[in-house]
Amino acid sequence: MAQGAHDFKLNEVFVLSCPKQCTAVDDSGYVSPAMAAACPKAAFYVDEYGQPASWIEIENTSYSTHDIRNCFLTINPAVLDKTMSAPEREKLMSLIPAGDLRTSLAAKQRITFFADGHTNRGTLHLNFTLPAGEAFTVYLFDGNAVDLLDSVRVEALPAGSSYARIADDEWHVCDTDNVTPNAPNVQYSNDKIKEFKEKDPHGIAMTLMCMGVVFSCLILLFVFFHIFGWAMNRAAKLARVRAIRAIHEKAERVVEMAKQGTTETKGIDMETYTAVIGLALHEYFGGTHDLESGILTINQTQTTWADKSHELRVTPQIHPAN
Amino acid sequence: MMLLESVSTMDFIGTKLVDFLTYTGFANVEWANIIMIAVGAFFIWLAIKKDFEPLLLIPIGLGIILGNIPFKDAGLEIGLYEDNSVLNIFYQGVRLGWYPPLVFLGIGAMTDFSALIANPKLMLIGAAAQFGIFGAYMVALALGFEPNQAAGIAIIGGADGPTAIFLSSKLSPNLMGAIAVCAYSYMALVPVIQPGIMKLLTTKAQRQIKMKPARQVSQTEKMLFPIVGLLITTFIVPSGLPLLGMLFFGNLLKESTKTTRLAKTAGSALNDIVVMLLGLTVGCSTQASEFLTWNTIFIFIIGACAFVVATASGVIFVHIMNLFLPKGQKINPLIGNAGVSAVPMAARISQNEGLKADPHNYLLMHAMGPNVAGVIGSAVAAGVLLGFLS
């Protein structure tokens with residue numbers, strides 16, 4: 001799947017239809033501006049040629065820029081046939097061409113494609129039209145023509161109305177006054193700030209909530225490292241006890257062996273051998289200090305040896321005779 | 001003929017010179033520019049003569065002067081707010097908020113969290129000092145600022161320049177220059193602001209409390225701290241990810257013992273480069289027209305309140321903790337001020353005040369605990385505010 005393709009969502013669908021079968025739209029789909037103006041119920045969003053058409057709006061719902069080029073749009077349900085090969089599917093769909101900067105959508109931006117069947121009119125034109133007064137499903141496929149990115153079932157819409165996504169998986173029929181081509185379907189406003197201003201004018205709730213969160217984070221860290229520190233200390237103590245116990249056992253064994261005279265001295269006289277063992281035992285029982293306190297205990301004492309003035313060289317003086 | 005030509009040349013030169021003069025600073029200067037240049041010079045004087053945070057105040061001071069050099073707005077692409085100017089390109093790091101996380105990377109790579117790990121209860125002091133932020137938030141609301149602007153201003157109480165810039169760039173970009181200058185100014189003035197409050201809230205006997213030396217911390221604990229810290233804080237406050245992520249990343253570089261080169265670069269060269277650009281562009285953003293407003297004066301007043309509340313709440317919180325701690329494990333309340341995240345300046349104040357009360361009482365390492373906890377606390381607070389108001 002193309003990077004970010006799953007963030008493209010169908011956003012609004014509008015089917016061009018004229019109430020009362022008026023003459024605003026001729027058989028070829030052409031609507032003159034004068035005729036369109038005379039038809040108050042028709043919400044016409046015109047293309048680059050000034051032609052009104054049905055349209056499909058797609059939104060980049062992410063917070064980063066993605067390009068919708070090479071994706072496919074269709075209303076043909078045959079593309080759902082999983083046995084169909086990718087080239088076969090492509091024939092049933094309308095390709096969004098590459099090479100047009102308009103297909104690159106910044107965060108939360110929208111693009112509108114005209115379903116007028118005239119791909120020769122440019123990138124924004126699809127090779128199919130939307131049926132007025134009938135239900136249909138719009139499918140948005142990824143560039144491989146296999147992965148379905150989004151789809152929406154559109155029931156027969158009243159003239160001049162659109163079908164718009166209000167929230168995730170929540171679609172509404174919007175009347176003529178609320179059709180919003182190339183614009184958000186819901187007016188964005190910073191409700192959070194407004195809400196805080198209204199409900200917490202003195203900042204007490206904010207203070208309590210934020211301090212609660214700050215304390216929670218640091219209390220959790222405190223608890224973790226308190227327990228972990230205790231466990232580390234305990235483990236170190238246990239290791240020390242184990243080491244000392246092993247030394248004791250070895251030492252006792254050696255002493256016992258020395259007393260019984262069972263140790264082979266390999267040519268060394270017993271007196272020397274016992275002295276070596278005695279020295280080793282002394283080191284084990286007190287002479288060694290493998291755990292340092294980390295505290296420096298050197299007390300500085302002031303003597304003439306440490307006197308700064310004694311350490312300084314006398315500044316060379318020019319002899320008066322010179 | 002020659003005479004006519006020379007007269008016309010002289011006319012041309014005269015016209016061009018007059019035209020040139022309209023481009024000079026002298027032709028475009030206003031009183032506000034002169035005031036701001038004087039402010040910039042004062043900052044530089046404070047940094048050099050008084051040694052107040054020179055690494056910050058010299059770039060900011062020169063930036064203020066640079067940003068207030070008057071010039072004719074003729075599309076020369078030289079001003080900070082003109083697209084494609086060199087200063088504007090540097091300013092993007094402030095505007096889009098990617099300098100602060102880089103500074104946090106450096107802070108993480110330079111910070112030793114041992115004091116905190118050895119005595120984890122000191123973390124709570126770092127949390128308590130964040131009351132400064134919310135005290136300031138309430139004052140800002142009372143002065144009529146919108147909640148998002150109040151939050152941007154209040155973060156000054158965290159005493160953390162990068163966090164203040166990060167949050168204000170997101171919540172109240174129009175006040176960011178004033179907020180940043182205010183935050184850094186008060187951070188530089190920590191040695192002036194804090195000692196008085198600390199003395200006021202402590203008795204001589206309390207100031208003489210000697211704390212037990214901290215236990216030795218194993219390398220495993222040091223390595224684990226950034227990972228656990230990152231997981232806990234960002235799971236609770238994902239909006240603090242840019243700051244907390246980089247802080248703990250920098251610390252892991254340091255403590256892993258396998259990436260010493262990276263930690264060294266993050267904590268020295270990279271950090272220095274970012275601090276230079278950050279300081280300079282923040283200073284530049286204080287153009288007189290944007291800076292000399294009532295809002296700026298309010299921001300400085302609120303900032304002062306924030307620092308006072310933060311310091312006081314840290315010290316008072318230590319008193320409260322001492323009520324529950326057994327004798328022999330009491331905490332010297334002089335380390336309470338270090339809960340603000342001005343690292344290591346606030347910890348140094350604790351040390352100095354401790355030495356004044358007892359020349360044999362060394363509090364620096366104890367104070368580093370709440371000090372680094374303050375860095376985490378202020379980043380978390382910024383994340384929460386961002387989450388609530390953006």
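Trainee: Where do the axes of H9 and H10 in chain B come, and at what angle do they cross?
Mentor: In this predicted model, where local features need pLDDT of at least 70, side-chain atom pairs count only at pLDDT 80 or more, and totals for chains, interfaces and linings use all residues, there is an answer for that pair. Residues are numbered from 1 along each chain as its sequence is written, chains are lettered from A and ligands numbered from 1 in the order in which they are written. The axes (lines fitted to C-alpha atoms over the stretch in contact, with angles from 0 to 180 degrees between N-to-C directions) of H9(B), residues 131-142, and H10(B), residues 147-154, come within 8 Å and cross at roughly 140 degrees. Helices here are DSSP runs of H or I of at least four residues, and strands are E runs of at least two, numbered from the N terminus.

Trainee: Why are they called oblique?
Mentor: H9(B) and H10(B) count as oblique because of their angle, since under 35 degrees is roughly parallel, over 145 roughly antiparallel, 65 to 115 roughly perpendicular, and the rest oblique.

Trainee: Which residues meet there?
Mentor: From H9(B), Ile133(B), Phe134(B) and Tyr137(B) are among them, and from H10(B) the list includes Pro147(B) and Ile153(B), contact being C-beta atoms, placed from the backbone, within 7 Å. The residues of this contact divide into 11 nonpolar, no polar and no charged, where Ala, Val, Leu, Ile, Met, Phe, Trp, Tyr, Cys and Pro are nonpolar, Asp, Glu, Lys and Arg charged, and the others, Gly among them, polar.

Trainee: Switching to the two chains, how many residues are in contact?
Mentor: There are 28 residues of chain A in contact with 35 of chain B. The largest share of the chain A side, 19 residues, comes from H4(A), and that side divides into 19 nonpolar, 7 polar and 2 charged residues.

Trainee: And the sheet in chain A, what order do its strands have?
Mentor: It is an open sheet of 5 strands in the order S7-S2-S1-S10-S11, paired antiparallel, and pairing takes at least two DSSP bridges between two strands. S7(A) and S11(A) stand at the edges with a single partner strand each, so one side of each has no neighbour in the sheet.

Trainee: What about S1, how many bridges does it make with S2?
Mentor: S1(A) pairs with S2(A) over 6 bridges, with Leu10(A) opposite Ile58(A), whereas 3 bridges join S1(A) to S10(A).

Trainee: Why is S1 described as largely enclosed?
Mentor: Because 6 of the 7 residues of S1(A) are buried, that is, 20 or more other C-beta atoms, placed from the backbone, lie within 10 Å of their own, against 12 or fewer for exposed and partly exposed in between.
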